[in-house]
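Here is a short report for someone meeting this structure for the first time. Look over the sequence and the model, then read on.

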Amino acid sequence: MKKRFNAAKAAVLAAAFILLLGISAAAGYYIYLGYTMYSSAIEAKSVSEMAADIKSRCRFIGYDELPEFYTDAVISAEDQRFFSHNGIDVFAICRAVLHDIKAGAPEQGGSTITQQLAKNEYFTQEKRLERKVAELFMAVRIEKELSKEEIFALYVNSIYFGSGHYGIYSAAEGYFGKDVTELSDYECAMLAGLPNAPSAYSPDTSPELAAKRTKAVLEKMVNAKYITKDDEAKILKE
């Protein structure tokens, strides 16, 4: 009986070892593919060229020109540890994985602002594991070459806000007929929430969903301690 038990135990351990080897080999394969994809992308267009390309597309709004409330709203909604991570937020990724396991479906991505910039400017939106790996390599590269303020400005000047508006300048002008510096706190919160799902949340097509998303952004700002519940209530009265 003892010999039979030891044999069964050995078989289980061997199977587990083989499984781990398989997982390691698969991980190594996708890391290789991702790094190859990243290398090709950065060779085709450097980080400085990417930044110059964004600045040439439209009226570029520098970080210092952005309303502080808008900056706080974007960080609250998209990447609360933006100013402390190196382009990859491991905590957010783990939280997203746990959430998706509970939900039984991929609902959260855990991507940082830097990762989103990397994906939008260098890669396709196709959901492939090697593309995600390439995005991680690119995010770290961008963080090494640019300041946080530069990254943030490039992101908000290039993302899609819905209704044909690319970049914060076009969105402020198109939705509210205002310069970015003239936006109210409520308008800042609304614009901060649009890139998450621009077609769904555009106030031109779905004003109710846009208002609901704006409220969600303000709640995130309360949780991140940028504003108080009283502030939120006052802003919602707008």
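A residue is called buried under 20% relative accessible area, exposed over 50% and partly exposed in between, using a 1.4 Å probe and protein chains only. Phe152 is buried, at a relative accessible area of 0%. Buried residues make up 41% of the 238 residues in the protein chain.

**Reading the model**

This is a predicted model, so local features need pLDDT of at least 70 and side-chain atom pairs count only at pLDDT 80 or more, while totals for chains, interfaces and linings use all residues. Residues are numbered from 1 along each chain as its sequence is written, and side-chain values use heavy atoms, with hydrogens and water left out.

pLDDT is the predictor's confidence in each residue, from 0 to 100. Its mean over the protein chain is 86, and 82% of the residues reach 70 or more. Residues 1-5 stay under 50. Residues 7-21 also stay under 50. A contact means heavy atoms within 4.5 Å. For residues 7-21 the model has zero contacts beyond four places in sequence.

**Overall build**

Helices (H or I, at least four residues) and strands (E, at least two) are DSSP runs, numbered from the N terminus. The protein chain has twelve helices and zero strands. Among its contacts between residues at least 6 apart in sequence, 62% join residues at least 24 apart.

Ala27 belongs to helix α1 (residues 2-44). Ala27 is partly exposed, at 37% relative accessibility. Between Ala27 and Glu130 lie 103 residues in sequence, yet their C-alpha atoms are 9.9 Å apart.

**Aromatic rings**

Rings of Phe, Tyr and Trp (its six-membered ring) pair if their centres lie within 6.5 Å; planes under 30 degrees apart count as stacked, over 60 as edge-to-face and the rest as tilted. The count comes to ten aromatic pairs. Two of them are tabulated here.

| Pair | Centre to centre | Angle between planes | Type |
|---|---|---|---|
| Tyr63 and Phe152 | 5.8 Å | 85° | edge-to-face |
| Phe82 and Phe83 | 5.0 Å | 75° | edge-to-face |

Tyr63 lies in the loop between α2 (47-57) and α3 (68-78), and Phe152 in helix α7 (residues 148-156), so their pair ties together parts that are 89 residues apart in sequence. Tyr63 is partly exposed at 22% relative accessibility. Phe82 is buried at 0%, whereas Phe83 is partly exposed at 40%. Ring pairs link Tyr63, Phe82, Phe83 and Phe152 into a cluster.

Charges meet rings too. A charge sits over a ring if NZ of Lys or CZ of Arg is within 6 Å of the ring centre and within 35 degrees of the ring normal. Lys45 has its charged end over the ring of Tyr122, 5.4 Å from the centre. Lys55 does likewise over Phe60, at 5.6 Å.

**Helix α9**

How is α9 placed in the structure? Eight of its nine residues are buried, so α9 is largely enclosed by the rest of the structure. Among the buried ones are Tyr186, Met190 and Gly193. The buried residues pack against α3, α8 (168-176), α10 (198-201), α11 (207-223) and α12 (229-236).

Axes are lines fitted to C-alpha atoms, for helices over the stretch in contact, with angles from 0 to 180 degrees between N-to-C directions. The axes of α3 and α9 (residues 185-193) come within 8 Å and cross at roughly 35°. The contact includes Phe69 and Tyr70 of α3, and Cys188 and Leu191 of α9.
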